[in-house]
Amino acid sequence: MAELTYEDYKRRLSIQELLVDAGYRLNRRDGLRYPSYVRIDSDGRRVRGDKFIVTANGFCCFQPPERKNYNVISFIKEHPHFFADYTPGMSADRLVNLVCRRLLNEPQEIRETRIFNPGKEGKPFDMDEYDLQAFRMDDWESQKKFYPYFKNRGIDLDTQRAFCSHFFLASKHRTDGKVFTNLAFPLSLPAWPGKQIVGLEERSRPNAEGKTAYKGMAAGSNATKGMWIAQLNSHRSDVGFNIPLSGVKDVYWFESAFDAMAFYQIEKKETVAYADLGNAVFVSTGGTPSIRQFAGMQEQTPDANHHLCFDRDQAGQLYAVNFALQMNGRVFNSHMTKKDTLVVTDLTGKYGRTELDVRTFDFEAICKELGLEKGRIDYRPPSEGYKDWNDQLIGKRMDEDKEQENTEERQTRFRR
């Protein structure tokens, strides 16, 4: 098989060939000196504002009004959803090779398709590498060890007891002799909740200033499919579940296990309906949720109501819209821009791109604009002025500057 480089692709392929393959047509009305390519909708009409202009050398293009030039490599990498070769999770370099080899009629390299998080792949998670300490209901000494991890979070002992089947202390011994102990929330797959731990959502003991120095996933964690899944139990089983996921009434979604526990504590104090939470599951995605986490849980809870309790910022709003898109069976890409615009590219049947102003976020209106059935979806962020449920529990409000800073830091394209 011939070895081809990026320079080969740029030399042998014109940007016009790539534009046609991406679904654009030559716009003869603009002339041939600086050819332009436009997208045509299902009714045969031009899609307004969707045009690329080819530069004089024929190997680059730009999309007005921006003057950013794309060559064949950068065009593919920045517009992966334009190409049928693309599948969620595929690396940009892999896609470049697939598209360019196909257009050049070169045989594709034989390679097993895998979806993974670059930089995270390596040794798989191994629970045997950890020493565990459980929170035991009948042992006060075991409970006291957890006090430092929950104190600054405002999560009281009753709440800890309600969730005690779903967290523990995990200590790992390093080769240099040092031991690190973190509060750990076990990840499992929705198809086998609690039966096989595929990773850990971890939080370190707060430092002298009361701040958590470390939060993240244990090495090798399957954070693409796995998630923290918890159920309140009056009679706990070995795996911490009395009701199978197929029988639960409600699923509550959060970005962290701390937020889920804080939500429960707030609901317990403010309402009389919290008893219904016994027939619910609490889920943490451990940060940016993946399409596989959404799909896996939706498949196992076909009759449940889904309460989206993500953070009250633009990243959390994006996650809520992504959940609704996934639940409606859409194939899509989405992202937030720095201009407070939500961009959704729907690839389900025909190409469709929608831009929505989210300065005033209205989940129901956005679902209507995108043609999504809300059905059993309940959008339920923290109260106004609070970033997440744990902040609401301890009364930590965020000012506008801090909110914007946090949103820009967390905004990212949807994890696949």
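The legends below go with several close-up views of a predicted model.

This is a predicted model, where local features need pLDDT of at least 70, side-chain atom pairs count only at pLDDT 80 or more, and totals for chains, interfaces and linings use all residues. Residues are numbered from 1 along each chain as its sequence is written, and side-chain values use heavy atoms, with hydrogens and water left out.

**View 1. The largest nonpolar core holds 35 residues.** A nonpolar core is a set of buried Ala, Val, Leu, Ile, Met, Phe, Trp, Tyr and Cys residues joined through side-chain atoms within 4.5 Å. Buried means under 20% relative accessible area, exposed over 50%, and partly exposed in between (1.4 Å probe, protein chains only). Trp253 and Leu342 touch the most other members. Elements giving two or more residues include β11 (250-254), α9 (291-300), α10 (314-327) and β15 (341-346). Helices (H or I, at least four residues) and strands (E, at least two) are DSSP runs, numbered from the N terminus. α10 gives the largest share, eight residues.

**View 2. Leu342 and its contacts.** Contact means heavy atoms within 4.5 Å. Neighbours within four places in sequence are left aside. Leu342 then touches Leu318, Val321, His335, Met336, Thr354, Glu355, Leu356, Val358 and Ile366. In the loop between β14 and β15 sits Asp340. Its phi is near 60°, a positive value in a residue other than glycine.

**View 3. Leu277 is a loop residue.** Its loop runs between α8 (257-270) and β12. Leu277 counts as buried because its relative accessibility is 3%. Setting aside neighbours within four places in sequence, Leu277 is in contact with Leu232, Tyr252, Tyr264, Glu267 and Phe282. Gln231 is 46 residues away along the chain, yet the C-alpha atoms of Gln231 and Leu277 are 8.4 Å apart.

**View 4. Helix α4 covers residues 92-103.** It has 12 residues. From first C-alpha to last, α4 reaches 17 Å, close to the 16 Å expected at 1.5 Å a residue. The expected span is 1.5 Å times one less than the number of residues. Its buried residues are Arg94, Leu95, Val96, Asn97, Leu98, Val99, Cys100 and Arg101. Their cover includes α1 (6-12), α2 (15-21) and α3 (72-78). Asn105 follows α4 and has a positive phi, near 55°.

**View 5. A cis peptide bond joins Pro64 to Pro65.** Omega is near 5°. Pro65 is placed in the loop between β4 (61-62) and α3.

**View 6. Phe146 and Phe167 form an edge-to-face pair.** Rings of Phe, Tyr and Trp (its six-membered ring) pair if their centres lie within 6.5 Å; planes under 30 degrees apart count as stacked, over 60 as edge-to-face and the rest as tilted. The whole structure has 31 aromatic pairs. Phe146 counts as buried, at 0% relative accessibility. Phe167 is buried too, with a relative accessible area of 2%.

**View 7. Arg39 sits over the rings of Tyr24 and Phe82.** A charge sits over a ring if NZ of Lys or CZ of Arg is within 6 Å of the ring centre and within 35 degrees of the ring normal. The charged end of Arg39 is 4.2 Å from the ring centre of Tyr24. For Phe82, the distance to the ring centre is 5.0 Å.
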